[in-house]
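Trainee: Can we go through this one together, one question at a time?

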Amino acid sequence: QLRCLVEMVTLRGIPKDLDSYPKDLLLFLSPSDYATTGSCWQYFANIGKANLDVLQRESSQRKQLLLEALACLKIPGTQVDEENAEVLGRLVCDLSGEYIRSSGGILLKPLSQCESFLPDQEEAIRSVISSGNTTFGPPSVWSASTLNELSELIPVFDHGILQKIPK
């Protein structure tokens, strides 16, 4: 339905008010289509707010979106800073474990909005949390509010992490 709607909306070219359309619609446009109305940065900031689950996880289209976002944001290597994590929005859910490890705790909060994780992502999250080099500190100093902030990630924690959290 969204693909069909995009065809209808873009029948006479890309509308200038594209930002006023539902974010999910933008998933079916390319950054080059969007370039006539704004920057690739603006496009990916909008994509980051879309429901990525409209596209199948591991689909070529979703992988391409992530690659184009990383190129647009000029992210060097595998380290994502806080500003870029905010622009990526839900696209952080598709970052590999390598990005999660390299970016340290910066990605923990954005990752908490993800529905599920791949095994290498889970391992990377556990590694980052176990290191204690996050704004949350090591699990041994966490409070109830820390657990609230990370509540969506708790299923990823292993016994070693859970054991260190104060009662």
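This is a predicted model: local features need pLDDT of at least 70, side-chain atom pairs count only at pLDDT 80 or more; totals for chains, interfaces and linings use all residues.

Trainee: Is Glu-149 buried or partly exposed?

Mentor: Glu-149 has a relative accessible area of 36%. The range between 20% and 50% is the middle class. So Glu-149 is partly exposed.

Trainee: Which residue does Glu-149 form a salt bridge with?

Mentor: For a salt bridge, a side-chain nitrogen of Lys or Arg has to be within 4 Å of a carboxyl oxygen of Asp or Glu. Here the closest N and O atoms are 2.8 Å apart. The pair links distant parts of the chain, with Glu-149 in helix 10 (residues 144-149) and its partner in helix 8, 40 residues apart; helices are DSSP runs (H or I, at least four residues), numbered from the N terminus. The partner, partly exposed at 48% relative accessibility, is Lys-109.

Trainee: Which residues are linked with Arg-62 in a network of salt bridges?

Mentor: Arg-62 meets the side chain of Asp-53 at 3.4 Å, N to O, and forms another salt bridge with Asp-94, the closest N and O atoms being 2.7 Å apart. That Asp-94 link spans 32 residues, from the loop between helix 6 and helix 7 to helix 5, where Arg-62 sits. The residues networked with Arg-62 are Asp-53 and Asp-94.

Trainee: Which of those three counts as partly exposed?

Mentor: Arg-62 counts as buried, at 3% relative accessibility. Asp-94 is buried too, with a relative accessible area of 18%. With 46%, the partly exposed one is Asp-53.

Trainee: How many disulfides are there?

Mentor: The rule asks for a pair of cysteine sulfur atoms within 2.5 Å. Cys-40 and Cys-72 pass with their sulfur atoms 2.0 Å apart, and Cys-93 is joined to Cys-114 with S to S 2.0 Å. By that rule the count is two.

Trainee: Which way is the disulfide of Cys-40 and Cys-72 handed, and why?

Mentor: Cys-40 lies in helix 4 (residues 40-47) and Cys-72 in helix 5 (residues 60-72), so the pair ties together parts that are 32 residues apart in sequence. Cys-40 counts as partly exposed at 33% relative accessibility, whereas Cys-72 counts as buried at 13%. The torsion about the S-S bond is about 90 degrees, so the disulfide is right-handed.

Trainee: And how is the link of Cys-93 and Cys-114 handed?

Mentor: Both of these cysteines, Cys-93 and Cys-114, are buried. The angle about their S-S bond is -95 degrees. That makes the link of Cys-93 and Cys-114 left-handed.

Trainee: Which element gives the largest share of the lining of the largest pocket?

Mentor: On a 1 Å grid over the protein atoms alone, a pocket is an open set of points where a 1.4 Å probe fits, with protein on both sides within 12 Å along at least five of seven lines, and lining residues have an atom within 4 Å of a point. The largest pocket holds about 270 Å³ of space, a volume being the space filled by probe spheres set on grid points joined across faces, edges and corners. Its lining includes Glu-82, Lys-109 and Phe-136. The largest share, three residues, comes from helix 6.

Definitions and conventions:
Residues are numbered from 1 along each chain as its sequence is written. Side-chain values use heavy atoms; hydrogens and water are left out. Helices (H or I, at least four residues) and strands (E, at least two) are DSSP runs, numbered from the N terminus. Buried means under 20% relative accessible area, exposed over 50%, partly exposed in between (1.4 Å probe, protein chains only).
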